[in-house]
Amino acid sequence: MNEEDFDLIIEPTKGFKNYWRDLWRYRELFVFMAWRDILVRYKQTVLGLAWSVLRPVLILIVFTVLFGKLAKFPTEGNAPYPILVLAALLPWQLFANALSESSNSLITNANMISKIYFPRIIIPSSAVIVSCVDFLITLALMAGVMAWYQYLPDARILTLPIFVVLAILTALGGGFWMSALNVKYRDFRYIVPFMVQFGLYVSPVGFSSTVVPDSWRLLYSLNPMVGVIDGFRWALLGGDVDLYWPGFFLSVLIGLAFFCSGLVYFRREERSFADVI
Amino acid sequence: MSTVIKVENLSKRYYLSHQQKENFPTLRDAITRTASNLGRRLLHPLRASSGQPLEGLDSTEEFWALDDVSFEVKQGDRVGIIGRNGAGKSTLLKILSRITEPTKGRVSIKGRVASLLEVGTGFHPELTGRENIFLNGAILGMTRVEIKRKFDEIVDFAEIEKFLDTPVKRYSSGMYVRLAFAVAAHLEPEILIVDEVLAVGDAQFQKKCLGKMEEVGKEGRTVLFVSHNLSAVRRLCARSLWIDRGQVSFLGDTEKTIQSYLSSSIPMKEGIVKFKEQQDKPAYISSVELLDEGNNAQSSFLVNQLVKVKVTFVANRRFTLWRVYVDLKNPDGTIIFSTTTQDNRDVCPIERGIYSASLIIPSQLLLEGPYLLSVAFGEPPTKRHDYHENAIVLNLCGTSFVFDRKIGFLSFPFEWELEDELDDKERC
């Protein structure tokens, strides 16, 4: 019998051929996993979906009072301070939730990994989708706050999807790295929450990145979320807000490098997940 | 028939780690180890070979869970896979279902594979039965359309209509398993790989599962079935593969495979098994022998021969009350009978010494086949001083024509009375 007569050849080291075809074949699983995580999310909670609104609102209030009122940081253009914060909170929450969810996703689905085959990449990726739901809710909140302040964004808002994709790619990259590392070294279970907490203060969420001295801006942009957050503010606040382009491109580059290296690392480690987990 | 699974020289290596402190390597370990590795490499650049762990650094040991396994499965075959715990059966299934990669060799597969290494993989306790059917179906590789089409059938099979919208965490374990199996049973793969799934659920449900699997087999689909339940393997599979220590020990007709598997599970074949001295015990069994009428030790007997089971034991003190117990099991583990020296006489007290008790199994009592004998020595009412489970194997060979072949457990020559009802006179 010829080799061509078989549908599937399992061999070591080569990895599995047709990985992308498999991924396409399992697209429904991807949807179902995301759907499951969304369904499960607020089961047995009293407030349910309200939590998705409550959390950003609380952070918004704290940051506005802390940075806007007490520390008296300047805003960008003529945007009210809450809008400045919320415009950054949008991508930051997306990134932070997606990263934490996907980092733990392989561990929480350990049972599936050791009992069933499917392209493993589905797990951390679908975990990111859940955060997108939260993102949409926060976006609605943003619309509400903007209406309250009667602050109108201009045509730049049309570029927002680009920055959303950028935030997702960065989160995915981090998610691939962290989830794969987490399988081997459970230390990352403790590292990720710390990173997220830390990141909230080193990223320009509660303040504008214009606060950072010009000579440090480029260095500051090594944090890929700086570019994403600046992009969000640029797209949402409109008019007078300028984007610091060199920094932005550096951030984008680092974000993309994160994503690609994460993907490669994940693919390499993926083969041994079932043996190690 | 065409070959649908072709396994060539398949091997899988695991590294057994002998660090005893932690199960999961921590980052700290990895960093210190990499550092010391690097140091060694710099010191001994010639010895360092890429990828291979340096000797003495990690106390890891190679372990070949599968070692050069080759076999083929034809379309429509139902193949049982048997072997002791840790023989490599599950590793083989994991490679075939692509959960883990082989270290060497290759597998070629034709057709869609579904593997059931566990029932209810991916079930989420918070989701309802309905939601879990869809989720689990998708995990097992069904499309949404397929699941929708079979939804009613699945619910019927699982008998959970009433609880369809209850989270499965509130299910009884029986309901949970039924639902999980029901989803799996409605997969329509060309090749089905099943591992010990039937070890769950009550007897009635197990029967239902076996029935469903037989059905699957009859539809011409290929089934690989791993189980410790030999009677299930017998019922389902025409051919079987016996794996021992990572290698194929036997592949062929299920009956023959099971026979050779069972006869290998006991080291002694001469019809005598000796046990270690245990002077610290009040009494212990020193040997068990299978003897024919002329007191010759044998391991195989004909059905119409009588068999003596001679149990020799050492009493290290006086016993006023004592028993020797023997029970006989078939390969599935069903006890056919159990008996003690008390059965037909009151035993007298014994002094310190060596004694033997022989049980006589009459000829034509049991059906042909392998049997496992367990022996024990005890002191009523509660003390069991020595016990050897499956101490020896008794092989009974048949003499009857195929036509007269009996089924069940006994070959006892029952009495029949024949009468001619017309002239009311005994003829035969």
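Reader: How many salt bridges does the structure hold over all chains?

Author: In this predicted model, the structure holds 24 salt bridges over all chains.

Reader: What makes B:K169 and B:E126 a salt bridge, and what does the pair tie together?

Author: The side chains of B:K169 and B:E126 come to 3.2 Å, N to O, and because a salt bridge requires a Lys or Arg side-chain nitrogen within 4 Å of a carboxyl oxygen of Asp or Glu, the pair qualifies. B:K169 lies in the loop between α4 and α5 of chain B, whereas B:E126 lies in the loop between β5 and α3, so the pair ties together parts that are 43 residues apart in sequence.

Reader: Which salt bridge links A:R271 to chain B, and how many are counted between chain B and chain A?

Author: A:R271 forms a salt bridge with B:E101, with the closest N and O atoms 4.0 Å apart, and the count between the two chains is 2. Chain B and chain A bury about 4,200 Å² between them, 61% of it on carbon and sulfur atoms, and 48 residues of chain B are in contact with 40 residues of chain A.

Reader: Which residues of α3(B) make the contact with α4(B), and how do the residues of the contact divide?

Author: From α3(B) come B:R130, B:I133, B:F134, B:G137 and B:A138, which meet residues of α4(B) including B:F151 and B:I154; the residues of the contact divide into 7 nonpolar, 1 polar and 3 charged.

Key:
Residues are numbered from 1 along each chain as its sequence is written. Chains are lettered from A and ligands numbered from 1 in the order in which they are written. This is a predicted model: local features need pLDDT of at least 70, side-chain atom pairs count only at pLDDT 80 or more; totals for chains, interfaces and linings use all residues. Side-chain values use heavy atoms; hydrogens and water are left out. Contact means heavy atoms within 4.5 Å. Helices (H or I, at least four residues) and strands (E, at least two) are DSSP runs, numbered from the N terminus. Ala, Val, Leu, Ile, Met, Phe, Trp, Tyr, Cys and Pro count as nonpolar, Asp, Glu, Lys and Arg as charged, and the others, Gly among them, as polar. Buried area is the accessible area (1.4 Å probe) that two parts lose on being put together, summed over both.
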